[in-house]
Amino acid sequence: MSKKTILTGIRPTGNLHFGHLFGAVGNWVLLQNDYETFIEIADVQALTDHFEDPEMVQKNVWELTIDLLAIGIDPKKAHIFLQSSISEIAELTVFYSNLVTIARLYRNPTVKTEIAQKKSLFGQEGESVTYGFVGYPVSQAADITALDGDLIPVGEDQLPLIEQCREIVRKFNHIYGVTLKEPEPLLSSNPRIKGLDGQTKMGKSLGNAIYLKDDEEMIQKKIMNAITDPSKIKKDDPANPEICMVYYYHKLIDNPNLKTVCSECKEGKRGCVACKKELITRMNEFLEKFREKRQYYEEHKEEVKQILEEGTKEAKKKASDTLSRVKQAMKINYF
Ligand code: SF4
């Protein structure tokens, strides 16, 4: 029996951080063993938000590909591909845009939340929300169906995007005859990882995320600023490790000394500075394997390019087949 296909994607707007590693992206490393896996570097989608900064998107296409390889995405098992090189996706987006109303796109909870965020950042909705942005769920439906995805790994917050895709598929199949596969979501059970400040939202601008690319100096700076139990003032005050982000990260990286960290903290036998220093050392040890792989691919950019090219070729084969079926169904296959 042939393997089911999973399609997943990530926007190239920055490097991978701990939220990715212990969340959805880390999960792809496991999924690639059981499914035919396509990982899309969604550069066209990144441009819906960052169309004025193409250099940033281009730089991050390479950064992200290197990060994915460094965490263990194996190009023999998974095809990493570039969205902008699959012109079939753009064509499908145009065809599907007739199958969804603007009102429905505005009602999509994920889009609604993102528009509200833009409004609070830029003021009036009309000035900040582009046609391309409102329509990105249509382009996502094109990504998924182009690759004939059976399962789409997502978090709860992205379920409305999958439902939107399923609606488009159903409408297409109803009008033009059964042509497209209706994908199913594959819900990730991984909890959201908190930043060093305790927030669930992580990002460069917040300065609360540990990136796989961070060097020792950066790790030291970030961990020394991490939030601890605020009731602990003096070194020998007892504290509650469960509300301390330093302890949270000790746990995350599986510190073998965790029990001691916990009991010494509770008994007031451990100072926060010493505790942070221990985390810095262990964090650097934890990151070493990623740093080594990153460095290898940094020094072998041609290999990275080839991996991306080959993954894109595989994705294009599938997308081209889907587009032929779609054009035939829509009776626009003239030549
Ligand atoms: Fe957190 Fe460690 Fe300080 Fe306890 S001793 S509050 S675990 S940093």
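Predicted model: local features only at pLDDT ≥ 70, side-chain atom pairs only at ≥ 80, totals over all residues.
A cavity is here a set of points on a 1 Å grid over the protein atoms alone where a 1.4 Å probe fits but cannot get out; grid points are joined across faces, edges and corners, and a volume is the space filled by probe spheres set on the points. The largest cavity has a volume of about 110 Å³. Helices H13, H14 (258-266) and H15 are the elements that give two or more residues to its lining, helices being DSSP runs of H or I with at least four residues, numbered from the N terminus. Lining residues, defined by an atom within 4 Å of a point, number 15 for the largest cavity, and Lys232, Cys244, Cys265, Cys272 and Cys275 lie nearest its centre. H15 contributes the most to this lining, with 3 residues. By class, the lining comprises 9 nonpolar, 2 polar and 4 charged residues, where Ala, Val, Leu, Ile, Met, Phe, Trp, Tyr, Cys and Pro count as nonpolar, Asp, Glu, Lys and Arg as charged, and the others, Gly among them, as polar.

The ligand sits in the largest cavity, in the sense that more than half of its atoms lie within 2 Å of the grid points. The residues around the ligand (a heavy atom within 4 Å) are Thr228, Asp229, Lys232, Cys244, Val246, Tyr247, Cys265, Arg270, Cys272 and Cys275. Two or more residues of this shell come from each of helices H13 (245-252) and H15 (272-299). The shell divides into 6 nonpolar, 1 polar and 3 charged residues.

The second largest pocket (an open set with protein on both sides within 12 Å along at least five of seven lines) holds about 410 Å³ of space. Its lining consists of 18 residues, with Ser97, Tyr131, Gly132, Gly135 and Tyr136 nearest the centre. Helices H3 (43-50), H6 (102-107), H9 (131-134) and H10 (136-146) each supply two or more of the lining residues. This lining has 9 nonpolar, 9 polar and no charged residues.

Helix H16 (residues 301-329) has 29 residues and should span 42 Å at 1.5 Å a residue, which agrees with the 42 Å between its end C-alpha atoms; the expected span is 1.5 Å times one less than the number of residues. Just after H16, Lys331 adopts a positive phi of about 60°.

Residues are numbered from 1 along each chain as its sequence is written, and side-chain values use heavy atoms, with hydrogens and water left out. Local features need pLDDT of at least 70 and side-chain atom pairs count only at pLDDT 80 or more, whereas totals for chains, interfaces and linings use all residues.
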